Amino acid sequence: MNPQELNAFLKRTGMTGNELAAKLGVHWTTISRWRNGHEPMPKAVELAQKWLEGESRMEAIGQNGNEGEHYRSQ
């Protein structure tokens, strides 16, 4: 993942660099270095990004007012 992809991910999810740092368990300056291309991102960050993006989608389902009702069995 390159810095542009990371920045696009943050924009897409509405997440801040500080929020991402907290979720990944890294210091916010690490995120800043990745975003600015000053430090290479580990491959694990790309996997975490995909997981977090899926988590954001699931949160959005609940925010749409259905609270996941369409997933409940009848």
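This note sets out numbered points on the fold, the helices and selected residues of the structure above.

1. **Basis of the model.** The model is predicted; local features require pLDDT of at least 70 and side-chain atom pairs count only at pLDDT 80 or more, whereas totals for chains, interfaces and linings use all residues. Residues are numbered from 1 along each chain as its sequence is written, and side-chain values use heavy atoms, with hydrogens and water left out.

2. **Overall architecture.** The protein has four helices and zero strands, and its elements run α-α-α-α from the N terminus on. Helices (H or I, at least four residues) and strands (E, at least two) are DSSP runs, numbered from the N terminus.

3. **Burial and surface.** Of the 74 residues in the protein, 26% are buried. Here buried means under 20% relative accessible area, exposed means over 50%, and partly exposed lies in between (1.4 Å probe, protein chains only). The accessible surface comes to about 5400 Å², and carbon and sulfur atoms hold 52% of that surface. Accessible areas come from the Shrake-Rupley method with a 1.4 Å probe; for residues, only the protein chains shown count as cover.

4. **Contacts along the sequence.** Among contacts in the protein with a separation of 6 or more, 51% come from residues 24 or more positions apart. Contact means heavy atoms within 4.5 Å.

5. **Helix α1.** This helix covers residues 3–13, and L6, F9 and L10 are buried in it. The three lie on the same side of α1 because they cover an arc of only 95° around the axis, the arc being that of the directions from the helix axis to the C-beta atoms. An α-helix has 3.6 residues a turn, so residues three or four places apart point the same way. The face of α1 turned away from the buried side carries the exposed residues Q4, K11 and R12.

6. **Helix α3.** Within α3 (residues 28–35), T30, I31 and W34 are buried. They span an arc of only 100° around the axis, which puts them on the same side of α3. Just after α3, G37 takes a positive phi of about 75°.

7. **Crossing of α2 and α3.** The axes of α2 (residues 17–24) and α3 come within 8 Å and cross at roughly 115°. Axes are lines fitted to C-alpha atoms, for helices over the stretch in contact, and angles run from 0 to 180 degrees between N-to-C directions. On the α2 side the contact is made by G17, N18, L20, A21 and L24, and on the α3 side by W28, I31, W34 and R35. These residues divide into six nonpolar, two polar and one charged. Ala, Val, Leu, Ile, Met, Phe, Trp, Tyr, Cys and Pro count as nonpolar, Asp, Glu, Lys and Arg as charged, and the others, Gly among them, as polar.

8. **W28.** This residue lies in α3. Leaving aside neighbours within four places in sequence, W28 is in contact with N18 and A21. W28 and T16 are 12 residues apart in sequence, with a C-alpha to C-alpha separation of 9.8 Å in space.

9. Q49 is found in helix α4 (residues 43–66) and is buried, with a relative accessible area of 10%. Apart from neighbours within four places in sequence, Q49 is in contact with M1, F9 and R12. E46 is also found in α4, but E46 is partly exposed, at a relative accessible area of 29%. E46 and E5 are 41 residues apart in sequence and 9.6 Å apart in space, C-alpha to C-alpha.
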